[in-house]
Amino acid sequence: MKLTYFFVGIAIMTLIFSCETPNKLNDEIKSPVWEKQFSGVWKSTVNSPDDFNLLSISNKKPKGEAINKMEDSAVPLDLNEITAFTKNGKTYLRFPLEKEEQLYGFGLNFKTVRQRGRIMRLHVDHYRGSDDGRTHAPVPFFVSDRAYGVLINSARYIDVYSGTGVTHNSKNPAVVRDRNTDDKWSARPYSDNLEFVIPENGVELIMFTGKNMMEVVQRFNLYCGGGFIPPKWGLGFWQRTPTLYSDNDIRKEVEGFETKNFPLDVIGLEPGWHSKAYPCTFEWDKGRYPDPAGFAKEMTQKGVNLNLWANPYLWPDSKLDKQMKPYIGSHTVWCGTVPDYTIPEARTVMQDHLKKHQLDIGVSGFKIDEVDGYDEWLWPDAATFPSGHDAEQMRQTYGNQMMRVTDEIYRAKNQRSYGLIRAANAGSVSYPYVIYNDYYSHPDFITALINSSFSGLLWTPEVRASKSSEEWVRRMQSVCFSPMAMINAWADGTKPWSFEDVYEPCQDVAFLRMQLLPYIYSTFAQYYFEGKPPFRAMELVDGYLSKEEKIEGKLDATGNPYAEAIKKEVKDQYMMGDFILVAPVFNNQKERKLVLPKGNWYNFYTGEYIGNGEVVTIKPSLEKIPLFVKDGAIIPMIPKIRQTTEWTKDLPIELRVYGEKDGQFQLYNDDGQTYNYETGDYTIINLSSIQGKGTVSKIYGEESEKKSNFKWTYMSK
Ligand code: GAL
């Protein structure tokens, strides 16, 4: 009898075994070996990956010193539970998931923040309305709320099964149910696997840990070489102009901003500055811009920076195209050649041209379009490139390649730039670029802004047109609380005053952004020095509970509204820096819920107490975007200025203090335009508010920066 049990047991084991590891794979399934790189950072090389990967093309070094300044932290999971194998040219990875574990990241998603339960193929593309992995920046990096994250450093299309595959050897097996009779039957039984398929003979993995998700993200950002501090002008207001505008049209546009008294730091020229576009010549159109150098100089004198639109495909037989001929791919885009910018000579050809005809006459930056998709017009995966990299690898990195081309020339001039890009990938954190697209859903734009913070990206919810004044003002409000405050009027010719009846609130919010520049700039300094994303998901904030099980008691809308609220994804509020919570309002929204992390929160405008670790309902006025401030915050503000050229050291700074707690703020400043900050040329003033009295406690940098004209305002008294 006992022997029978034994044989039945063996038979069952064999069955399980053979289901789990067909084709005798068992020997090849291994746990990756991890090698420590820096505090809380480990690297593993699984089998034989390609030398070309997301980080190699970006050519940025990890900021090891900054990472090592962070307290070391252990890996929160059993590394033996991670497995990998390579078979038939594909590498398979599996990570364990705990019962309530939540995952974030995987790049620029527009509809979802939590990624557990999703199936995606990470593939650079124009976003088409569903979070299936095809997006402008499908970064293969995830963050788990167990406080670890992994970058899959491969420039391939990567398949992700994020808690969907159900295996036999699960620690928490899914329950098998009879659909005939059991109403708990589910088509998607519980899975505790996070799995990846990478079409390559191996892969490099980088693991990051920390005491919370914020530290994981910080380490990821610093490892990828970033963040960065934009030039001061980049944080002012941007207006992109209609495609065929000429120099005279631009002059009138700039005049309009002066007359209407609306902030303006950057004018964007769209395709019409090229003599031909789609593909592009990268040569000024002689009719619309007869004297580009003179025009650029005139704009600089008016405090206006020029940003030029381009796609990187070259007009046949243009000067640039002729020089680029040895370095182009087999296929064309709109009949234009596709340079292989992984080849150093190709980069040099483009860089020399841009330097001579654009940078050196005063152009401040670029908007690099069409580096994402669609498949219908980009090169197919059947294309070949002279470097030997696959079309797929080129697609996954073309945005990064173009950012590198332009970044290197501005760096060589020791001049900061800030621009727009429509595709990015891991490794682009330190490139001074913001992603945008044509999708134009206001709520989804905010979800993208939230998601950008998990993946080392910046995103602008740009404003184009609107169906009503209400929608216009709501969009203007949220774009002013984003990395780039911009109207993109390339098609509609809109201006900030296009909706006359809401002009005042639009003007107010643009000026408010200008007043907050010292705060925003200091927030970007955190991005550079500590890798903290300037615009952040609530999940990255201390005191924000993202798991309902952590909350005691029944979860319902009345007894325990916080738990009820966070059971749903929170996709419509985020933090700007450490202290300001932004709660955008959408068209037709008369009230909205606000999930407040633990700690006291105050109304930014009035200083009034709002709540603590709870869900509150607010009824916003049309005139103001709801903003809330953390207890103890010190918010530095300058007077209303129209252009960043007016942002001088002598401006008085009002320090608004919120709540009752003692607080601190590190006020950062530098020359605003060169890279000298990277070699220590900056000032940091430590501001403290102790028992209702404000002081300057410590100064790094030139003493002359010390402000005798600080004015402390206690908002909550
Ligand atoms: C689109 C881009 C727009 C605008 C337009 C000009 O591809 O997303 O922002 O630049 O091209 O043709």
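## Close-up views of a predicted model

**View 1. F106, a buried residue in a loop.** F106 has a relative accessible area of 1%. That is under 20%, so F106 counts as buried. The model shown here and in the views below is predicted. F106 sits in the loop that links β5 (103-105) and β6 (118-124). Its phi is positive, at about 60 degrees, although F106 is not a glycine. Most residues other than glycine have a negative phi.

View 2. Y278 is not a glycine, yet its phi is positive, at about 60 degrees. One of its polar side-chain atoms lies 2.6 Å from a ligand oxygen.

View 3. In the side chain of W309, an N or O atom is 3.3 Å from an oxygen atom of the ligand. For E370, an N or O atom of the side chain is 3.2 Å from a ligand oxygen. On its own, the ligand has 310 Å² of accessible area, and the protein covers 95% of it.

**View 4. Two cis peptide bonds, at G226-G227 and G373-Y374.** Most peptide bonds are trans. The bond from G226 to G227 is cis, with omega near -5 degrees. G227 lies in the loop between α4 (213-223) and β13 (237-240). The bond from G373 to Y374 is cis as well, with omega near 0 degrees. Y374 is part of the loop that runs between β18 (363-368) and α9 (391-412).

**View 5. R177 and its contacts.** R177 is found in the loop between β10 (158-162) and β11 (193-198). Its relative accessible area is 31%, and R177 is partly exposed. Which residues does R177 touch, leaving aside those up to four places away in sequence? They are D182, K184 and W185. With D182, R177 makes a side-chain to side-chain polar contact of 3.2 Å. P189 is twelve residues from R177 in sequence. In space, the C-alpha atoms of R177 and P189 are 9.5 Å apart.

**View 6. Helix α10 and its cover.** Helix α10 spans residues 442-452. How many of its eleven residues are buried? Ten are, and the helix is mostly covered. The buried residues are H442, D444, F445, I446, T447, A448, L449, I450, N451 and S452. Among the elements that cover them are α11 (469-479), β22 and β23 (574-576). The start of α10 has a side-chain to backbone approach. There, a side-chain oxygen of S441 comes within 3.2 Å of the backbone nitrogen of D444.

**View 7. An open sheet of six strands.** The strand order is β22-β23-β24-β29-β26-β27, and the pairing is antiparallel. Which strands lie at the edges? They are β22 (535-536) and β27 (609-612), each of which pairs on one side only. Elsewhere in the sheet, β24 (residues 580-582) runs antiparallel to β29 (residues 627-630). Three bridges join β24 and β29. Here, I580 stands opposite V629 in β29.

**View 8. The hairpin of β26 and β27.** Strand β26 covers residues 600-603. It pairs with β27 in the antiparallel sense over three bridges. N600 stands opposite N612 in β27. How many residues lie between the strands of the hairpin? There are five. In this hairpin, G607 takes a positive phi near 80 degrees.

Definitions and conventions. Residues are numbered from 1 along each chain as its sequence is written. This is a predicted model: local features need pLDDT of at least 70, side-chain atom pairs count only at pLDDT 80 or more; totals for chains, interfaces and linings use all residues. Side-chain values use heavy atoms; hydrogens and water are left out. Two strands pair if DSSP finds at least two bridges between them. Helices (H or I, at least four residues) and strands (E, at least two) are DSSP runs, numbered from the N terminus. A polar contact is a pair of N or O atoms within 3.5 Å; within protein, one must be able to donate a hydrogen and the other to accept it, and residues adjacent in sequence count only if both atoms are side-chain atoms. Accessible areas come from the Shrake-Rupley method with a 1.4 Å probe; for residues, only the protein chains shown count as cover. Buried means under 20% relative accessible area, exposed over 50%, partly exposed in between (1.4 Å probe, protein chains only). Contact means heavy atoms within 4.5 Å.
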